[in-house]
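Please look over the structure below before reading on. My notes follow as numbered points.

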Amino acid sequence: MNEQPSLYPATGRHAIVAVAAPVLEGYTYSVPPEFEQLVSVGARVRVRFAGRRMTGVVVRIVDEVPAELDPRRIRAIEDLLDRHPVVPPMVLALAERVAASYLVGIGEVLALCLPPGGDQVGARRVRLLPQGEVPDGCAPVVSALQTRGADAWVEARFLETRCPGHAVHASLFALEAAGAVELQLESGGGAPGARRVYLRWNKDCTVEQAQLLTARAPKQAAALVGLAEFARERRLEKDLLEQLDLTRAVATGLAAKGIIERLSLSMDDSPAVVLPDDGAGSFCLTSAQRVAVDMLMTRLKPTASTPVLLHGVTGSGKTEVYLRAAAEAVRMGRGVLLLVPEIGLTPQLEQRARAVLGEQVVVVHSRMAAGTRARAWWRLRSGRARVVVGPRSAVFSPIENVGLIVLDEEQDSAYKQAERPRYHGREVALWRAALEEAAIVMGSATPAVESFASGQGGDWALARMPDRVGKRPLPATELVDMRDEWRSSGRSLVSRRLESALATRLERSEQALVMLNRRGFASAIVCRSCGDRGECPNCAVSLTYHRQAASLVCHYCDHREAVPTICRQCGATALHDIGHGTQRLQEALLKRFPGARIERFDADQTQRRGAHARILSKFGRGEIDVLVGTQMLAKGHDFAAVTLVGVVGADASLGVPDFRAAERTFQLLTQVAGRAGRGELAGEVILQAHQPDHYAIESALRHDFEGFYNREIEFRRRLAYPPFSALAVCLCRGKVATQVKEEADRLAAALRAVAGDEARILGPASPPIGRLRGKFRLHVLVKVRTREQLPVLISAALDRLRAAGHRPSDLIVDIVPDSLM
């Protein structure tokens, strides 16, 4: 497989190395004699791959070259980045299963398992010691160190620059073993004597005094709200500035005025984060909570056990169950993975987890500053932290001896990765639990149909929590038939009933959420003369009108263009916007309630770092009366003052051409309805819909999950959709439509040839969006009886095409797809 000539004789040991490339298997490299005592499975190495120097992970060490390889063409490992494995054995085994089950490269999966900047060495530093012998081959590194003087700490990056082509890190490990250097690795948190700068609000300065001091400094004044919220306890300066989008100059000015304090502390003096105590971990459990906790406790000892599906209504106290079990797992010396579907849900769970589990808890997700994320990762790998809170990628966290895995909102589509490597976080979490012999609990008020079927069928244990904590009632739910509303009042956006309910909440100083699951101002700009809808030049979709940016935007490829004044097809000036988005909804509510504090919470408003937390913090402090947003409003937020939830276009997602459309609609409506009435005051929900008789709408009105499930499972049974089958989508793409058609036809034929009676092959057919990002698309749907058949069948078909020289040039294989779009 290796095409380059070897740098070393291909004798002795060899390593199978996986690099982050779309190739299914690892490549064989020889291990130079001087590396043989240092290289280990799970460690990172530097190798040549496809003409480039890349970082890979050693997945196996072998003594014999595979028979099909020419030993003379095997290259050698060029350097070792780790003296100990960075990928724990169980995580490596998990990565191998994910790669095989989803037909993706093992190196692509392992890239998710590595520390941030996986091809870098972070804060690695070294200094010469007066004693110790210099092993053979290490002289260039010693010479470079000597140029910096005795006792000087030198970064490894400097040595890589001064010793190009040399195995710098392998030399450092050899020098350390010989007692010639002192080496400080990433997991140590920095070189001895290194310091960090923290910020915190000056306790002697009130907010009113700060406002007076910054009256003539608008940038400093604008920073006060965020600092007052997030800097009451000391925070790392770099992280805080990034979260609040502040410059160091603003922080310096505020410190000079005595509003905040700058603290320079040793990196070993790790500051404790003090969080408000909401009673987490100390509540008196309900009987249903106690049953669920006991069910998990019996599964925490290392042994094979069935997964637990925790079906609890919104506000039933599922998080308390998670944390009680997590505390016991930590007490037993085992690790915990607390997974949430979206990054925006991590702060609230982190806060509650820290209140119970203390500094054992770290957060890891992609929006964190690189340095912060790296420190968190190394704390987990070193065992100094045993609990991680994060989205789906946290399932690959480097914790050893995991005892509990939690998937909150297990039904959420965000657990499915949309790009390579495409994997489902729920499925991978189940595999890791089996490998670790750990307890796993999946919680939801609206479980996925497949999950509830597993609970009903006995494959999983099912725990029910049918009541809210404190016997608080579920919110009263009302439906507004927008067909009648249009006939009687001409309204198509906000009904009279919802408007009246909002007015009542504003009079009572209560809060409300209003959801419309479509961002932008209008769905499209349409020509009244010829009917042109302003389609994206790259995708077969209309451009969405964003009034604030004065532009038309494609929500798929992000193409943007100015709002036209004349039709680009016929030249007419009779253009008008159609449809509604969150911008239009916010504008309409501000016009109706000019004195109200109405803000928006959608992807457009939360693009800047920290915006998500700032908006929710303002709402939590009561500084926003009505929060308008997309489905982001439905995800696990807990605000006691919210007594009204309105949903505009409650049935809009029923029109999506996907077999999960009804399930998605019911889940979204139930979840957003659950945000109302979580405090002492009763809640109310108003749904606006044009299809009031659909069973998804009727079931959501009654908070009736099992009624919905019984209807939906019969629909799935009749059409053999999951859980009565397993699905995969093979999507052919390309710039030329005829070529895509030829490749899709050949793929479908190959699948039918290898499948026989074991599968149904549907297509090729055009998906709902036939052209996306400049490429035509055709998909072939594979439907089989069991999940395990999918990679075997598809691999056989691709092998057949490859042998004939006809493998598709641009193919996406999505096993267990979350959507058929």
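**Notes on the predicted model**

1. Y556, V656 and M821 make a nonpolar surface patch of about 230 Å². Patches are built from residues with over 30% relative accessible area and no salt bridge, with nonpolar side chains (Val, Leu, Ile, Met, Phe, Trp, Tyr) joined within 5 Å and like charges within 9 Å. A salt bridge is a side-chain nitrogen of Lys or Arg within 4 Å of a carboxyl oxygen of Asp or Glu. Areas are by the Shrake-Rupley method with a 1.4 Å probe, and for residues only the protein chains shown count as cover.

2. M821 sits in the segment after β34 (811–815); strands are DSSP runs of E, at least two residues, numbered from the N terminus. M821 counts as partly exposed because its relative accessibility is 31% (buried is under 20%, exposed over 50%, partly exposed in between).

3. This is a predicted model: local features need pLDDT of at least 70, side-chain atom pairs count only at pLDDT 80 or more, and totals for chains, interfaces and linings use all residues. Residues are numbered from 1 along each chain as its sequence is written, and side-chain values use heavy atoms, without hydrogens and water.

4. The average pLDDT (the predictor's confidence in each residue, from 0 to 100) is 86, and 93% of the residues score at least 70. Residues 1–11 stay under 50, with 28 contacts beyond four places in sequence (contact means heavy atoms within 4.5 Å).

5. S454 lies in helix α15 (residues 449–457) and is buried, with a relative accessible area of 16%. Beyond four places in sequence, S454 is in contact with D459 and W460.

Note on methods: Helices (H or I, at least four residues) and strands (E, at least two) are DSSP runs, numbered from the N terminus. Buried means under 20% relative accessible area, exposed over 50%, partly exposed in between (1.4 Å probe, protein chains only).
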